[in-house]
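Below are some notes on this entry, written for a colleague who will want to check each point against the coordinates.

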Amino acid sequence: MAWAQPQSYSPESYSKDSRKRRRSQALASDGLPLPIRYTNVIFFVTFLLATWHLLIRWKEKDLTNTPFILFNWKDVLALVTELGSFVYLIGFFGIYYVEHAIGRSTSEDLDEGIAAGHQEPVLLHKVARSPPQLDGRTLVDQEDERIARAVAVGELPSHTLETELGDCQRAVVVRKRSAELRTGRSLSGLPLDGMDYSTVIGACCEMVIGHIQIPVGVAGPLLLDGVEYTIPMATTEGCLVASTNRGCKAIHQSGGARSVLLGDGMTRAPVVRFQSAQRAAALKFFLEDSEHFMTVAEEFNRTSRFARLQDIKCTVAGRNLYMRFCCTTGDAMGMNMVSKGVNNVLDYLVKAFPDMEIISISGNYCSDKKPTAINWIEGRGKSVVCEATISGAVVSKVLKTTIPALVELNMLKNLTGSAMAGAIGGFNAHASNIVTALFIATGQDPAQNVESSQCITLMEAANGGRDLHVSVTMPSLEVGTVGGGTHLAAQSAALNLLGVKGANLDRPGANAQQLARIVAGAVLAGELSLMSALAAGQLVRSHMQFNRSNSQLAMMGATKAVDTGAKDAITEPTGECLKQK
Ligand SMILES: CC(C)(COP(=O)([O-])OP(=O)([O-])OC[C@H]1O[C@@H](n2cnc3c(N)ncnc32)[C@H](O)[C@@H]1OP(=O)([O-])[O-])[C@@H](O)C(=O)NCCC(=O)NCCSC(=O)C[C@@](C)(O)CC(=O)[O-]
Ligand SMILES: NC(=O)C1=CN([C@@H]2O[C@H](COP(=O)(O)OP(=O)(O)OC[C@H]3O[C@@H](n4cnc5c(N)ncnc54)[C@H](OP(=O)(O)O)[C@@H]3O)[C@@H](O)[C@H]2O)C=CC1
């Protein structure tokens, strides 16, 4: 079996480069969005000038026997400047460099790495104890095969490989091999090459053994709010990209789609318990008081430069209280940010309400990764509505159906059918298809497709029946352009294709909001096309063409042979099975 040659990564060079990069890219503050290296120089020079002026004046007054407390306007200005610069230098310059000189906690390092648009192999910094040994040799000097065997039999913990070897790429090679040895099953189809695993560890995945390939297609151009977008979609469902592409064409030929951002706020809802329902209600009323809200918001906001508390919605169940904190999160999707902020608030609240028992930081009233009515009604992440007016000619020529057929189908399927099924936000044909393909392509959290796909699709005849008005309303689109998997090379390329890569430096949050609009626009295209295919009785035929090709059929034949005969046995020479019985 051909093994990838591990690249060598030096922990020292990582930490030096990253610190330098962070120092050069960090901003002074929200209110002073200049790189910290410039503000440091400006305030340092101002401090020196003011000091120099005051010293000269002091000498003059001494010589002329003028009382020191007689100030002219220049002296007052110099004093104020001196004080201001001093506060800045202590508050920012001092703390910033002291923090970096003494080293920061892993999580803060990670936060800053992400802020700078990079992920760091944070675990690598920690190798500072005596090097681990295997058969009397230091681990790094051992053969990969020997280390893999040690991991396979439990002699060496698998999850410490990155730290012990100080090399993410090599750790992945060794772990993959150890999984083969332990199970006796081949992983030859799982690629190792083509991914920089140092960007994964400490940010996206643990116990890494490779990466999965998902084809990425493009649909479009999608004409949305006057701008053309090429939509990257990662999917294994043949026909999906073709369908979205057709929807984009119909929208484009009808003058484009328009979108409106209705709301923006990520939520986290802890559950706390009291001795009585009365006490639970007391905290609810406390938080509903605007003065208390301001104090709580201060506690929350100090945990991030971007997360800003907007609202707390409380509900009582017996003696338990659920508090749904909602905040803006800049260009990040925001789950870590909102959780960090809520943690701080809980620390504060427990001092004011010592009888409050914190059950969990998440009480499912948030609601993350579950289909719920609260997200559907209140919204979560970005709430977007997107619409288009499709001309009758395009409906018949591009979509191969009629306006009355689409309107009737929408009513009977997306509204009545979904109501009969008891749907929560599932009043659409396949919003999740487009949401998930775009989520995977752009590094979103794929599990959040659950609530992000909540959507109501509406279709009505317009302009006296000559045109079709179509819209999608999506209250819970949870997307970000920084954080999570957005920094990985492939995902970041997809964001770049859409023109929303990374943080928006001029208007923090604008990139993530734009991404949400694009997702809604692509869903509109997908809805139009699938609904048309259903109305025209085209669905099965199109899937036979794009989703069950000849090569697929051949593979299905092969699967039959497997079903009747040999199991998915190992074919690669992976050695004997070392699985512990
Ligand atoms: C497949 C089509 C688009 C053919 O549709 P068509 O109208 O026969 O195709 P056409 O050859 O006349 O081409 C029309 C346009 O479609 C696009 N198009 C056409 N072919 C391609 C292609 N190969 N690659 C890229 N784009 C393609 C392209 O824009 C093209 O214009 P052109 O560029 O030629 O000027 C149509 O039949 C269709 O949309 N079918 C529906 C498929 C679909 O939406 N599948 C989604 C999954 S279904 C599911 O999972 C959810 C479900 C169904 O269970 C949910 C529920 O309960 O409802
Ligand atoms: N903790 C949880 O309960 C859950 C976590 N997740 C996971 O959380 C991750 C996403 O969390 P999320 O909070 O979005 O991301 P991150 O945890 O990656 O946090 C975003 C970081 O980027 C910084 N940042 C820099 N520029 C910006 C900008 N313009 N706007 C916003 N932030 C900026 C933030 O700074 P600052 O430090 O100043 O805020 C913060 O440090 C995903 O991996 C997801 O899978 C998913 C669900 C639940």
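**Notes on the ligand sites and a helix pair**

1. A nitrogen atom of ligand 2 lies 2.7 Å from an N or O atom in the side chain of Asn 336. The model is a predicted one, and this distance, like the others below, should be read as belonging to a predicted model.

2. Two further polar approaches to ligand 2 involve the backbone: a backbone N or O atom of Asp 331 is 2.7 Å from a nitrogen atom of the ligand, while a polar backbone atom of Gly 334 is 2.5 Å from one of the oxygen atoms of ligand 2. Taken alone, ligand 2 exposes 930 Å², of which the protein buries 85%.

3. As for where the shell around ligand 2 comes from, the elements that give two or more residues are helix H4 (106-115) and helix H11 (335-352), and H11 supplies the largest share, four residues. Of the 24 residues around this ligand, those that come nearest are Arg 268, Ser 304, Asp 331, Gly 334 and Asp 445; by class, the shell divides into nine nonpolar, eight polar and seven charged residues.

4. Around ligand 1 there are 20 residues, of which Ser 243, Lys 249, Lys 400, Lys 413 and Ser 529 come nearest. A polar side-chain atom of Lys 413 is 2.3 Å from an oxygen atom of ligand 1, an N or O atom in the side chain of Ser 529 is 2.8 Å from an oxygen atom of ligand 1, and for a polar side-chain atom of Gln 538 the distance to an oxygen atom of the ligand is 2.9 Å.

5. How much of ligand 1 does the protein bury? Taken alone, this ligand exposes 1,100 Å², and the protein buries 64% of that. Helix H8 (240-253), H18 and helix H19 (539-546) are the elements that give two or more residues to the shell around ligand 1, with H8 giving the most, five residues; the shell residues divide into seven nonpolar, eight polar and five charged.

6. Helix H14 (residues 403-420) packs against helix H18 (residues 510-535) at an angle of about 100°, with the axes 10 Å apart, and the two helices are therefore roughly perpendicular to each other. On the H14 side the contact includes Leu 409 and Lys 413, and on the H18 side Glu 527 and Met 531 are among the residues met; by class, the contact has six nonpolar, three polar and two charged residues.

How values were computed. Residues are numbered from 1 along each chain as its sequence is written. Chains are lettered from A and ligands numbered from 1 in the order in which they are written. This is a predicted model: local features need pLDDT of at least 70, side-chain atom pairs count only at pLDDT 80 or more; totals for chains, interfaces and linings use all residues. Side-chain values use heavy atoms; hydrogens and water are left out. Axes are lines fitted to C-alpha atoms, for helices over the stretch in contact, and angles run from 0 to 180 degrees between N-to-C directions. Angles under 35 degrees count as roughly parallel, over 145 as roughly antiparallel, 65 to 115 as roughly perpendicular and the rest as oblique. Contact means heavy atoms within 4.5 Å. Ala, Val, Leu, Ile, Met, Phe, Trp, Tyr, Cys and Pro count as nonpolar, Asp, Glu, Lys and Arg as charged, and the others, Gly among them, as polar. A residue is near a molecule or strand if one of its heavy atoms lies within 4 Å of it. A polar contact is a pair of N or O atoms within 3.5 Å; within protein, one must be able to donate a hydrogen and the other to accept it, and residues adjacent in sequence count only if both atoms are side-chain atoms. Accessible areas come from the Shrake-Rupley method with a 1.4 Å probe; for residues, only the protein chains shown count as cover.
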